[in-house]
Amino acid sequence: LARIEPRSIQRLDESVVNRIAAGEIIHRPANALKELIENSLDAGAKMIKITLKEGGIKMLQIQDNGSGVRPNDLPLLCERFATSKLRDFSDLSKMTTFGFRGEALASISYVTASMNVISKTRDEPCAYKAYYTSGVLVPPKPGQSSAPQRCAGTDGTVITAEDLFYNVPQRRRALKSSSEEYNRALDVAAKYAVHFGSRGVGFVCRKASSNAADLSTPSSPTTTTIDTIRLLHGTSVARELVKLKPFEDKRLGFQVEGYISGANWSSKRTTMLCFINHRLVDCPVLKKSLEAMYASLLPKGGHPWIYISLDIEPERVDVNVHPTKKEVHFLDEDEIVERICQVAQESLAGANSSRTFQFAQ
Ligand code: ADP
Ligand code: MG
């Protein structure tokens, strides 16, 4: 065996550290979009318009009519760990907004060739436009000032990010085709549109190359969840959905609501929209358990359509396990999942008695 001489330990350059960290948070356009949507929702937006070029790889733009960013805050906007939402560590256990540690915009600015923000608050007479690279303000063109410049604009924020992963070739190579990336981003937008449609938030998503939107939902206080599902997923599934019996468990500290397909509907793959405290998450344990319940109900190979909105007391949720916050853990997870499956089963059994069905024991 060759003898290995010890090599000296050196600190990585800060820009390398930041780029590595950013790559952990932003894997693909759809992740970046999720973060941006959550920011817009945190800012109280009622309309969120998304435009993507080459599936978001070439350009990802999101426009909202939320609170906007004050001009004085623009210099810190893309700095890592700079946030308006978290002040001290104890806040982490009671977070009610989506973001909590100021990493999303910073990450996007580290892995895109250019990023700019136009934002206007209600109190300002005009909007301000700022350009960012690697967390800091940069001039729009060499030799110009990097200070945010006044410009025309409506209340709210427009964020444009171009050339995702231009400086992280491995990540760039790992991306799928533009159309696949577009579909993933569209899927994220469509899920948020269902959950927030009944909360008065409308969404539009389109390709930059087309004027026709692929997704368009209204911003209206009277829109119901079923309205949005019908619009985005079609009548055939919308009319077969069963509303979950409203359920609250004080001891386990959670409430659940949602819509799930009945015995007359099935598909080759499960569709699952799962929101915990209004955040879109993967909840594989819940998905598996519900699928197991449906196995005895649906024809072989048939899968359900599920939309679950779970509210869990914030101090029982640990959103900090995963940098993308896509996976979430909570106390008494198994027991809560079991209760939700019971609620689902009872709701299905109690649904329209003209199409009664039995659960195999
Ligand atoms: P976080 O959401 O964790 O605070 P981000 O990097 O996502 O971190 O955003 C940093 C800050 O920028 C937010 O705390 C918020 O103050 C501001 N911000 C981001 N997006 C918007 C937006 N669309 N409208 C208003 N403010 C925003
Ligand atoms: Mg955020």
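**Reading the fold of a predicted model**

Reader: What share of the contacts with a separation of 6 or more comes from residues 24 or more positions apart in the protein chain?

Author: In this predicted model, that share is 68%. A contact here needs C-beta atoms within 7 Å.

Reader: What secondary structure does the protein chain have?

Author: There are 9 helices and 17 strands.

Reader: What makes a residue buried, and what percentage of the protein chain is buried?

Author: The cut-off is 20 or more other C-beta atoms within 10 Å of its own. Of the 361 residues, 37% are buried.

Reader: Where are the domains, and how far apart are their C-alpha centres?

Author: The domain assignment gives domain 1 as 14–216 and domain 2 as 235–352. Their C-alpha centres lie 29 Å apart.

Reader: What is the average pLDDT, and which stretch is below 50?

Author: The protein chain averages 91, and 91% of the residues score at least 70. Residues 356–361 fall below 50. That stretch has 6 contacts in the model beyond near neighbours in sequence. Where pLDDT is low, predicted coordinates should not be read in detail.

Reader: What are the ipTM and pTM?

Author: ipTM is 0.99 and pTM is 0.92.

Technical notes
Residues numbered from 1 in each chain as written. Chains lettered and ligands numbered in written order. Predicted model: local features only at pLDDT ≥ 70, side-chain atom pairs only at ≥ 80, totals over all residues. Helix = DSSP H or I, 4+ residues; strand = E, 2+ residues; numbered from the N terminus. Buried ≥ 20, exposed ≤ 12 C-beta atoms within 10 Å, placed from the backbone. Contact = placed C-beta atoms within 7 Å. Domains from an automatic or database assignment. pLDDT = per-residue confidence, 0-100.
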